[in-house]
Every structure is written in structure tokens, then in C-alpha cells.
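Me: I would like to go through this model step by step and ask what stands behind the words used for it. Please set each value against its cut-off before you conclude.

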Amino acid sequence: LLPMKEILFLFMLDYSGSMYQTFDQSMKYKTVYQNVNGIVSVADPKSMSTVMIFGTDKSKSCDDIKVLEGPTKDFSKTLASLKPDQFGQTPLARTLRKGI
């Protein structure tokens, strides 16, 4: 067997006010956290990743994009500490361009 290569993840996460809506009987942002946490929990401990989070600060409007880079294993703790903005914007296209 060949050794598995280190994987770099790029997560783009919406943390705008709409993430307080429910999906499958849970708030959307909690579902996102659970799914990202599932990926992070099986990632190579040495892997590095980037998380782009948008929609957490209404005052920044479409410039509200946080970029966090570091060990993949650390993102679970970071995401657990974040809550969506009640009325955040959703700069999805801008986040995608920045991610590319």
C-alpha cells in the first residue's frame, strides 16, 4: 500500500443569520459544525487546512470574510466557538473568488 498523502481542505462556511433556521430538526449552523467535525476527526493529524467563514458581522457587509489557516485538527474547536450573526450578509460569490 502507498502511504496516504496529506490532504488540504478548504471549507467555506456560511455563518449568516439564515443559519439559525432549522434543517432536519437542528439549526443549520449546528449541522454544519457536526459535518465539518466529522471530516476533521478523521483527517491526518499533520494536515493543514483553510476555513473561510462569511456572514458573521453585518457591519462588514460583503467584506465579511474571515480566513483561518492552520492544522485541520484545530478547526473543530474554532467552529464550536462561533455563532452566526443574526442579520449577517452572505457574500458567497466573493468568498468563492477569494478561495480560488
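Reply: Lys and Arg count as positive here and Asp and Glu as negative, while His and the chain ends are left out of the count. On that basis the protein chain, which is a predicted model, has 13 positive and 10 negative side chains, and the centres of the two sets lie 1 Å apart.

Me: What makes Thr95 a buried residue, and where does Thr95 lie?

Reply: Buried means under 20% relative accessible area, and Thr95 has a relative accessible area of 0%, so Thr95 is called buried. Thr95 belongs to helix α3, and, leaving aside residues up to four places away in sequence, Thr95 touches Met12, Met52, Phe54 and Ile65.

Me: Why is Thr90 called partly exposed?

Reply: The middle class runs between the buried limit of 20% and the exposed limit of 50%, and Thr90 has a relative accessibility of 43%, therefore Thr90 counts as partly exposed. Thr90 sits in the loop between α2 (75-80) and α3 (92-99), where Thr90 touches Asp14, Ser16 and Phe54, again not counting residues up to four places away in sequence. As for Ser47, the C-alpha atoms of Thr90 and Ser47 are 28 Å apart in space, and the two residues are 43 apart in sequence.

Me: How do you know that Asp24 and Gln25 are exposed?

Reply: Exposed means over 50% relative accessible area. Asp24 has 71%, so Asp24 is exposed, and Gln25 has 82%, so Gln25 counts as exposed too. Asp24 is found in the loop between β2 (22-23) and β3 (26-27), and Gln25 is placed in the loop between β2 and β3 as well.

Me: What is noted about phi in Asp24 and in Gln25?

Reply: Phi of Asp24 is near 55° and phi of Gln25 is near 65°, each a positive value in a residue other than glycine. Such values draw attention because most residues other than glycine have a negative phi.

Me: Which elements make up the protein chain, and how much of the chain is buried?

Reply: The protein chain has three helices and five strands, and from the N terminus on the order is β-β-β-α-β-β-α-α. Of its 100 residues, 35% count as buried, because they fall under the 20% limit. The protein chain exposes about 6600 Å², of which carbon and sulfur atoms supply 57%.

Terms used:
Residues are numbered from 1 along each chain as its sequence is written. This is a predicted model: local features need pLDDT of at least 70, side-chain atom pairs count only at pLDDT 80 or more; totals for chains, interfaces and linings use all residues. Side-chain values use heavy atoms; hydrogens and water are left out. Helices (H or I, at least four residues) and strands (E, at least two) are DSSP runs, numbered from the N terminus. Buried means under 20% relative accessible area, exposed over 50%, partly exposed in between (1.4 Å probe, protein chains only). Contact means heavy atoms within 4.5 Å. Accessible areas come from the Shrake-Rupley method with a 1.4 Å probe; for residues, only the protein chains shown count as cover. The place of a charge is taken as NZ of Lys, CZ of Arg, CG of Asp or CD of Glu.
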